[in-house]
Amino acid sequence: MDVQHFERITAFIEARLTPLFDAETGSEYGFGMDDTSRALRALRNAVLEASAIKGLVEKRESAEPAMRRVIDQSVEHNWDVLRGIARQWEDHADFRHEFKHHAWELDHHRHAAADA
């Protein structure tokens, strides 16, 4: 897993969510106190929280082995959260195949590409 995976999946999800918050389109979603607006804000917050892993990834290299395992689990969990959200748009033209993969599968593909 690397930061670029998180940047790509977050950008994809944000591109799907941002128009729902656009007041210029006449949408009130996201800005009101109705259940739909609250759900949209909660979803956006979940995406932003799950995508905030840069600091963890940076600390991983210098971390003790036990802490490295905790960091890896946290990064994998956050990827799974984003992956589950992104997969709601599997039929979208901008959906990338990597968004279907588990974290360990992405690591395997990255190592295989480096060995080639």
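Modeller: Residues are numbered from 1 along each chain as its sequence is written. The model is predicted, so local features need pLDDT of at least 70 and side-chain atom pairs count only at pLDDT 80 or more, while totals for chains, interfaces and linings use all residues; side-chain values use heavy atoms, without hydrogens and water.

Biologist: Why is Arg-44 called buried?

Modeller: Its relative accessible area is 18%. Buried means under 20%, exposed over 50%, partly exposed in between (1.4 Å probe, protein chains only). Therefore Arg-44 counts as buried.

Biologist: What makes Ser-51 buried?

Modeller: Ser-51 has 19% relative accessibility, so Ser-51 counts as buried.

Biologist: What does Arg-44 contact, leaving aside its neighbours within four places in sequence?

Modeller: Glu-14, Leu-17, Thr-18 and Phe-21. Contact means heavy atoms within 4.5 Å.

Biologist: And which residues does Ser-51 contact on that basis?

Modeller: Phe-6, Thr-10 and Leu-82.

Biologist: Why are helix 1 and helix 2 called roughly antiparallel?

Modeller: The axes of helix 1 (residues 3-17) and helix 2 come within 10 Å and cross at roughly 170°. Angles under 35 degrees count as roughly parallel, over 145 as roughly antiparallel, 65 to 115 as roughly perpendicular and the rest as oblique. Helix 1 and helix 2 are therefore roughly antiparallel.

Biologist: Which residues of helix 1 meet helix 2?

Modeller: Phe-6, Thr-10, Ile-13, Glu-14 and Leu-17. Their partners in helix 2 include Arg-44 and Ser-51.

Key:
Axes fitted to C-alpha atoms, helices over the stretch in contact; angles between N-to-C directions. Helix = DSSP H or I, 4+ residues; strand = E, 2+ residues; numbered from the N terminus.
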